[in-house]
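Visitor: I have not seen this structure before. Please show it to me, and then I will ask about it.

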Amino acid sequence: MAEIEITAPIAKAERPKPAELVQLIVFRLGDEDYGIRIEQVKEVTVTPDVARMPKTPPFIKGIANLRGDIIAILDLEERFRLRPAGRPIPERSYTIAVEAADYVLGLMVREVPRPFTMPLSQIEPAPEFVQDSSTRDKYLEGIAKLPEGGIIIVLDMRKLLTPSEVMRLPGKTASS
């Protein structure tokens, strides 16, 4: 009796897919690194002159003219209560102009922000316990684990402010 050899179809060797990369603009708040996706960043500049505005939350430092656009300038260290005690705001700071849904904000940071590219797979969802439970939307996109052991806290700028805070931004009205 002849033997019948059964062979499985030969599968084509699958090439590993290249890792999807994400580009961040990284900056320090307090003693930690934070990042924003580069597509949410309009520009980075030395902080322009800021005019204080009445009846705004303390973390909104005021408004500034940035290339013809009037934008609100926010201090995220103050917003997140991250400024170490006794550390003053530096005389020279930088502003990251970020685009949210229908407004542009300026985020004041103390050091020059830097670009950083990493695999998207290194960003893990932020644990629920680190999110502010009083906010409806979660403004942390995730936590990026770095190969050398550090982390970058990745912010979602579209969810950073609550709707009521957006309405209180200088220059915003109920119709805008």
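This is a predicted model: local features need pLDDT of at least 70, side-chain atom pairs count only at pLDDT 80 or more; totals for chains, interfaces and linings use all residues.

Visitor: Which residues does G35 touch, not counting residues up to four places away in sequence?

Guide: G35 belongs to strand β2; strands (E, at least two residues) and helices (H or I, at least four) are DSSP runs, numbered from the N terminus. Contact means heavy atoms within 4.5 Å. With residues up to four places away in sequence set aside, G35 touches I25, V26, F27, I152, I153, V154 and L155.

Visitor: Is E32 buried, exposed or partly exposed?

Guide: E32 also lies in strand β2. From E32 to I151 there are 119 residues in sequence, and 8.3 Å in space, C-alpha to C-alpha. With a relative accessible area of 38%, E32 is partly exposed.

Visitor: In what order do the elements of the protein chain run?

Guide: The protein chain has two helices and eleven strands. Read from the N terminus on, the order is β-β-β-β-β-α-β-β-β-β-β-β-α.

Visitor: Which residues have the most contacts inside the largest nonpolar core?

Guide: A nonpolar core is a set of buried Ala, Val, Leu, Ile, Met, Phe, Trp, Tyr and Cys residues joined through side-chain atoms within 4.5 Å. The largest one has 30 residues, and the elements giving two or more residues to this core include β1 (21-29), β2 (32-37) and β5 (69-75). The residues with the most contacts inside the core are L74, L107 and L155.

Visitor: What is L107 in contact with, leaving aside its neighbours within four places in sequence?

Guide: L107 is one of the residues with the most contacts inside the largest core. Leaving aside neighbours within four places in sequence, L107 is in contact with I36, L74, L76, Y94, T95, I96, V98, M157 and L160.

Visitor: Where does K55 lie, and is K55 buried or exposed?

Guide: K55 is not a glycine, yet has a positive phi of about 55°. K55 lies in the loop between β3 (41-46) and β4 (60-66). Its relative accessibility is 79%, so K55 counts as exposed.

Visitor: What is the relative accessible area of R67?

Guide: R67, although not a glycine, has a positive phi of about 55°. R67 is found in the loop between β4 and β5. R67 is exposed, and its relative accessible area is 65%.

Visitor: How do the residues of the lining of the largest cavity divide?

Guide: A cavity is a set of points, on a 1 Å grid over the protein atoms alone, where a 1.4 Å probe fits but cannot get out; lining residues have an atom within 4 Å of a point. Ten residues line the largest cavity, and E77, R83, M108, V109 and R110 lie nearest its centre. Ala, Val, Leu, Ile, Met, Phe, Trp, Tyr, Cys and Pro count as nonpolar, Asp, Glu, Lys and Arg as charged, and the others, Gly among them, as polar. The lining divides into five nonpolar, one polar and four charged.

Methods: Residues are numbered from 1 along each chain as its sequence is written. Side-chain values use heavy atoms; hydrogens and water are left out. Buried means under 20% relative accessible area, exposed over 50%, partly exposed in between (1.4 Å probe, protein chains only). On a 1 Å grid over the protein atoms alone, a cavity is a set of points where a 1.4 Å probe fits but cannot get out, and a pocket is an open set with protein on both sides within 12 Å along at least five of seven lines; lining residues have an atom within 4 Å of a point.
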